[in-house]
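Please keep the sequence and the structure in view while going through the points.

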Amino acid sequence: LNRSPVVAPAAIASSNQPAATLPIGIFDSGVGGLTVLRCLREQLPHESFIYLGDTARLPYGTKSADSVIRYSLQAAEFLIARGIKYLVVACNTASAVAIEAMRERFAPTPVLGVIEPGAIAGCAASRSGRLAVIATEGTVNGGAYQRAIARARPDAKVIARACSLFVALAEEGWTQGPIVEDIARRYLAEIFGAGGPDTLILGCTHFPVLIDAIRNVIGPDVAIVDSAHTTAAHLLQSLTTQGLLARNSHPTLRLLATDGPERFARVGSRFLDETFGVGDVEVVDLSAPAARLAKD
Ligand code: DGL
């Protein structure tokens with residue numbers, strides 16, 4: 001990994017560094033958002049990134065909306081204090097319930113979530129207008145995908161299903177084989193019978209690593225949409241129109257986690273599709289920003 005030397009947040013905040021050269025902040029509940037980071041780095045090779053995984057409080061997907069909003073605001077505040085030009089919320093659950101709260105609290109910092117880009121991509125991929133979304137409980141129950149799809153395509157019919165075990169399987173590295181496919185069948189087989197949806201939106205950071213098993217269950221004809229690609233396209237467009245696109249010849253990547261740097265490195269390397277070690281992960285405490293800044 002190409003990492004910059006540690007720079008104290010106060011130093012960044014008070015520097016005259018042009019906004020375009022500042023890193024893009026990416027926030028997720030844990031390692032899953034590294035699938036989004038991977039895609040953003042591929043499509044925006046001159047951007048620097050600072051990724052924060054709130055591993056101490058993962059999973060968000062089974063927590064109440066109030067808790068997820070509180071956690072998300074803390075994470076966003078932390079990244080903004082480090083000096084970022086843009087915040088990408090890679091976590092679907094946080095995007096589903098906390099995006100408005102983050103935009104309101106941290107304006108004018110632009111905040112992009114993954115739900116809207118995912119919904120738009122799903123609608124574009126579907127011929128029949130029948131779509132399925134799989135996600136965490138929190139995302140499904142909050143209804144954000146259902147609303148975003150209805151905005152993009154008012155005649156769409158949506159089935160949303162929580163696939164909670166997929167998160168654990170992906171974390172465990174069980175991404176293929178009969179056990180994974182049995183579980184996928186249990187969640188998906190009845191949805192994708194005859195006359196079922198022609199498009200499946202992967203509405204969770206962890207699900208892209210399970211794509212082969214999911215594909216084996218739902219068959220070759222269903223379009224599978226992963227919001228990471230469309231999120232990258234939206235980000236590129238937004239950075240361009242706001243004059244924030246970086247031309248860094250040595251873009252940097254910094255990885256932060258709130259707990260378990262060993263696990264973050266081990267599991268995260270799979271999600272990022274690039275090996276990094278525990279020494280590449282900085283452990284941070286989101287609960288006390290004032291104390292943290294004083295210490296730095
Ligand atoms: N990052 C979460 C999401 O995309 C999945 C993991 C969790 O439940 O925290 O919804």
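1. Which elements make a right-handed β-α-β unit? Strand β7, helix α10 (residues 211-218) and strand β8 make one. Helices (H or I, at least four residues) and strands (E, at least two) are DSSP runs, numbered from the N terminus. Right-handed means that, with the strands pointing away from the viewer, the path from the first strand over the helix to the second runs clockwise.

2. The model is predicted: local features need pLDDT of at least 70 and side-chain atom pairs 80 or more, while totals for chains, interfaces and linings use all residues. Residues are numbered from 1 along each chain as its sequence is written, and side-chain values use heavy atoms, without hydrogens and water.

3. β7 pairs in the parallel sense with β5 (residues 130-135) over 5 bridges; pairing requires at least two DSSP bridges. Alanine 132 is opposite leucine 200. With β8 (residues 223-226), β7 forms 4 bridges, also parallel, and valine 225 is the bridge partner of isoleucine 201.

4. A polar side-chain atom of threonine 205 lies 2.9 Å from a nitrogen atom of the ligand. For threonine 93, a polar side-chain atom is 2.6 Å from a ligand oxygen atom.

Conventions. Polar contact = N/O pair within 3.5 Å; in protein donor to acceptor, adjacent residues only side chain to side chain.
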